[in-house]
Amino acid sequence: MKRLVLLGGGHAHVHVLDALANTPLDDVEVTLITPYRRQIYSGMLPGWIAGHYQLDQCAIDLTRLSDRAGCRFVQTRAVGLDLNGCSVLCEDGTLASFDWLSIDVGPVTAHQSIDGASSHALQVRPIEEFIGGINHLLPLLQDNPTSPIAIVGAGAAGVELAFALRHRFSATPIALIGSDALPLDGLPPLLRRRTLKLLRRKQIEWIGERRAQRVTGNGVELNDGTTVSAGHVLQVTGAAAQSWPAAAGLATDERGFIQVNACLQSPSHPHVFAAGDIAAYHDPRPKSGVFAVRAGPPLAENLRAAMAGKPLAPWTPQRRALYLISTGDHHAMAAWGPFGWWGNWVWRWKDRIDRHFMARFGA
Ligand SMILES: Cc1cc2nc3c(=O)[nH]c(=O)nc-3n(C[C@H](O)[C@H](O)[C@H](O)COP(=O)(O)OP(=O)(O)OC[C@H]3O[C@@H](n4cnc5c(N)ncnc54)[C@H](O)[C@@H]3O)c2cc1C
């Protein structure tokens, strides 16, 4: 019996599990190690905050999916790796031995040296803890809707959260802080300007070209010496890597993300695979759910081939991805390469894609 350990119930691994459920592997014992029983689909999370979805609609039941895949489900998280001894050290003190290892543990919030953020800001990752924080925040805002919110980080997630909170709380002062002149770095300029207009129209204060330096109980201190007063601070400052893969000696990039070749295999340890945001692809792409989802099928195929001793097949992530950004009120924006669109029809399109994705995994 060979042992395959899947670390993390991320967007690529849910596909691997689904593929195993459809075509089981002979003579392989598969184990999923992940800290939560469900996987939240982040694309729908702002819609849950806006009140468009129940949380169950945004969650994949990992225990049920593991059952279908004939996979052992172990609820804990990896905190270390022994690559010579082929075992994962888990937070609960146990060791999980493997012959083959696949890692899809996602990112952690990039702190970017913001003092006080870990104690005074609600961080978007881990998403389950963020959900706990939002469940605590929503009743506070219902009781005191004029208590200001500051969101640090103006990528797609920060922008979507600002619009979702505005949809839910029309009277709450909301400030969105980003380091560029416009929000949504990397998306088409047309869409970025449109976002700025929409922020203004919805009375979300845009604080651009500034960086948060310190978060206190009273708000956010910026690098220009000003302070944004806030009763609640959300930190959505991009993706960083967990430290244990690099500490174990896996080849990583300079930020600690696991290097993989075109077959999603570690160049330093060929019995280790990685996909999703934790992976540094041979042909780099932005950290985004789209690429984590797209990596699922080639990862499933290559794990299957590796265990059968067959040749692996290279995969190149698509050059362009479709970004769909909800703006709270059944309205959304879409970006594809240099092109951008917006409207209620874009929201319906996004809603259909998201529900279709979830239906595949029984949600
Ligand atoms: C609010 C928000 C909205 C977003 N919207 C979009 C969007 O619309 N489109 C888009 O493309 N991207 C979006 N993103 C980005 C997207 O969430 C990530 O790119 C995507 O989740 C990456 O998928 P992943 O599989 O790499 O990791 P994740 O989805 O983070 O999954 C990682 C899994 O590993 C588990 N895990 C974590 N640590 C460990 C450990 N040490 N040991 C074992 N298991 C572990 C986690 O519990 C989780 O199950 C959004 C992000 C946020 C925060």
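1. Before we get to the residues, one cut-off: buried means under 20% relative accessible area, exposed means over 50%, and partly exposed is what lies in between. Arg 38 has a relative accessible area of 27%, so it counts as partly exposed. Keep in mind that this is a predicted model.

2. Is Glu 128 buried or exposed? Glu 128 is buried, because its relative accessible area is 17%, and the limit for that class is under 20%.

3. Next, have a look at Asp 329 and Lys 202. These two form a salt bridge, and their closest N and O atoms are 2.6 Å apart. Asp 329 sits in the loop between strand S23 (322–326) and strand S24 (332–336), while Lys 202 sits in the loop between helix H7 (189–201) and strand S14 (204–207), so the pair ties together parts that are 127 residues apart in sequence. As for accessibility, Asp 329 is partly exposed at 32%, whereas Lys 202 is buried at 19%.

4. One more pair on the charged side: Glu 221 and Arg 214. Their side chains meet in a salt bridge of 3.1 Å, N to O. Glu 221 counts as partly exposed with 27% relative accessibility, and Arg 214 is partly exposed as well, with a relative accessible area of 38%. How many salt bridges does a search of the whole structure find? The search finds 12.

5. Gln 123 is in strand S11 (residues 121–123), and its side chain makes a polar contact of 3.0 Å with the side chain of Gln 235. Gln 123 is buried, because its relative accessible area is 15%, and buried means under 20%.

6. Then there is an open sheet of 3 strands, in the order S23-S24-S25, with antiparallel pairing. Why is one side of S23 and of S25 left without a neighbour in the sheet? Both strands stand at the edges and each has a single partner strand, so there is no neighbour on one side. From one strand to the next, the twist averages 15 degrees. S24 and S25 run antiparallel and are joined by 5 bridges; in one of them, Ala 332 has Gly 343 of S25 as its bridge partner. Going back to point 3, the loop that holds Asp 329 runs between S23 and S24 of this sheet.

7. Last, the surface around S25. Trp 341 has its place in that strand, which covers residues 339–343. Together with Trp 336, Phe 339 and Trp 345, Trp 341 makes a nonpolar surface patch of about 420 Å². Trp 341 is partly exposed, with a relative accessible area of 35%.

Terms used
Residues are numbered from 1 along each chain as its sequence is written. This is a predicted model: local features need pLDDT of at least 70, side-chain atom pairs count only at pLDDT 80 or more; totals for chains, interfaces and linings use all residues. Side-chain values use heavy atoms; hydrogens and water are left out. Patches are made of residues with over 30% relative accessible area and no salt bridge: like charges are joined within 9 Å, nonpolar side chains (Val, Leu, Ile, Met, Phe, Trp, Tyr) within 5 Å. Accessible areas come from the Shrake-Rupley method with a 1.4 Å probe; for residues, only the protein chains shown count as cover. A salt bridge is a side-chain nitrogen of Lys or Arg within 4 Å of a carboxyl oxygen of Asp or Glu. Helices (H or I, at least four residues) and strands (E, at least two) are DSSP runs, numbered from the N terminus. Buried means under 20% relative accessible area, exposed over 50%, partly exposed in between (1.4 Å probe, protein chains only). A polar contact is a pair of N or O atoms within 3.5 Å; within protein, one must be able to donate a hydrogen and the other to accept it, and residues adjacent in sequence count only if both atoms are side-chain atoms. Two strands pair if DSSP finds at least two bridges between them. Axes are lines fitted to C-alpha atoms, for helices over the stretch in contact, and angles run from 0 to 180 degrees between N-to-C directions.
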